[in-house]
Amino acid sequence: MGQYTKGIRDGIPIALGYLSVSFTFGLMAVSGGLAWWEATLISMTNLTSAGQFAALPLMAAGGAWLEMFLTQFVINLRYALMSLSLSQKVDGSMSTLYRMILGFANTDEIFAVAMSNSRPVGRVYLFGLATMPFFGWSLGTLFGALLGQILPAAVVSALGIAIYGMFLAIILPAAKEKRSVRLVVGAAVGISCLFYYVPGLKEVSSGFVIIVASVIASAVGALAFPVKSS
C-alpha cells in the first residue's frame with residue numbers, strides 16, 4: 001500500500017467525524033447572516049473548529065479586528081505547539097515549504113494520528129492524511145449552509161445544539177479522570193458567569209470574554225498543577 005493511500009485510509013474516520021461538526025457550523029453561520037459560500041470559504045481556508053465557532057458571534061456583532069485577532073491567537077495557539085512536536089516526527093522529505101503547507105492542516109485529530117505512527121512520517125503520507133479531513137470539513141459546512149436555507153427555523157435551531165454536545169463529549173471524559181481538567185473547566189465557567197451576570201462586566205464583548213477566561217483558567221491550571229521537568 002502506498003503512503004498516500006495509507007494516509008487517505010487513516011484520515012477517513014477523522015473526515016466522518018468532521019462532517020457532523022462542520023454541518024453544524026454551516027447551519028449556525030447561515031443563521032448568523034453569512035451566505036452559504038462565505039461559510040464554505042471560511043472552512044476551506046481555516047480548518048479550526050473552535051476558532052471558527054468563536055468567530056461567528058464576533059462577525060455577527062461586527063467585532064473589531066483586534067478582538068478577532070486576539071481571540072483566534074489564544075484559541076489556536078496550541079497548533080504552534082503541536083506543529084513543533086510534529087516537526088520532530090517527520091522524515092527528511094519534509095522541506096520548509098512542505099512544512100508550511102501541512103501546517104495549515106495540522107488539526108488535533110490529524111496530529112494525534114500522525115504522532116501515533118511508530119516510524120517517522122513523510123510528506124506523501126501527511127498529504128494523504130490531511131486530504132479526507134479537509135474535504136469532510138469543507139463539504140460538511142457546505143451541506144449545513146445549504147440546508148440551513150431550506151430547513152424550518154425550528155429545525156435549524158435544534159440542530160445548532162449539536163456543537164454544545166460535541167464540547168461536552170470532549171470535556172466530560174477528561175474531567176472524570178483528571179482533577180486538573182475539572183479545575184480549569186470550573187475556572188473558565190466561573191469567569192464566564194461573572195462576565196454574564198455582573199453589571200459592567202456584561203458589557204464586555206464575547207471575544208474578549210473568551211480571551212480573558214482562557215488565559216486566566218489556563219494560568220490557574222498551570223499554577224495548581226505544574227508540569228515537573230524531568
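Does Asn-76 count as buried or exposed, and at what relative accessibility? The views below start from this residue.

**View 1. Asn-76 in helix α4 of the predicted model.** At 18% relative accessibility, Asn-76 counts as buried (buried is under 20% relative accessible area, exposed is over 50% and partly exposed lies in between, with a 1.4 Å probe and protein chains only). Helix α4 holds this residue; helices are DSSP runs of H or I with at least four residues, strands are runs of E with at least two, and both are numbered from the N terminus. The model is predicted, and local features need pLDDT of at least 70, side-chain atom pairs count only at pLDDT 80 or more, and totals for chains, interfaces and linings use all residues. Residues are numbered from 1 along each chain as its sequence is written, and side-chain values use heavy atoms, with hydrogens and water left out.

**View 2. Arg-78, also placed in helix α4.** Arg-78 has 27% relative accessibility and therefore counts as partly exposed.

**View 3. Leu-47 in the loop between α2 and α3.** Leu-47 is not a glycine, yet has a positive phi of about 60°. With 4% relative accessibility, Leu-47 counts as buried.

**View 4. The largest nonpolar core.** A nonpolar core is a set of buried Ala, Val, Leu, Ile, Met, Phe, Trp, Tyr and Cys residues joined through side-chain atoms within 4.5 Å. Among the 29 residues of this core, Ile-110, Leu-126 and Leu-129 touch the most other members. Two or more residues each come from α1 (3-31), α2 (36-46), α3 (49-60), α4 (65-86), α6 (108-115) and α7 (123-148). Residues touched by Leu-129, beyond four places in sequence, include Ile-8, Ile-14, Ile-110 and Val-113.

**View 5. Helices α1 and α6.** Their axes come within 10 Å and cross at roughly 160° (axes are lines fitted to C-alpha atoms, for helices over the stretch in contact, and angles run from 0 to 180 degrees between N-to-C directions). That angle makes α1 roughly antiparallel to α6, a label for angles over 145 degrees. Asp-10, Ile-14 and Tyr-18 of α1 meet Glu-109, Ile-110 and Val-113 of α6. By class, this contact has four nonpolar, no polar and two charged residues (Ala, Val, Leu, Ile, Met, Phe, Trp, Tyr, Cys and Pro are nonpolar, Asp, Glu, Lys and Arg charged, and the others, Gly among them, polar).

Definitions and conventions. Contact means heavy atoms within 4.5 Å. Angles under 35 degrees count as roughly parallel, over 145 as roughly antiparallel, 65 to 115 as roughly perpendicular and the rest as oblique.
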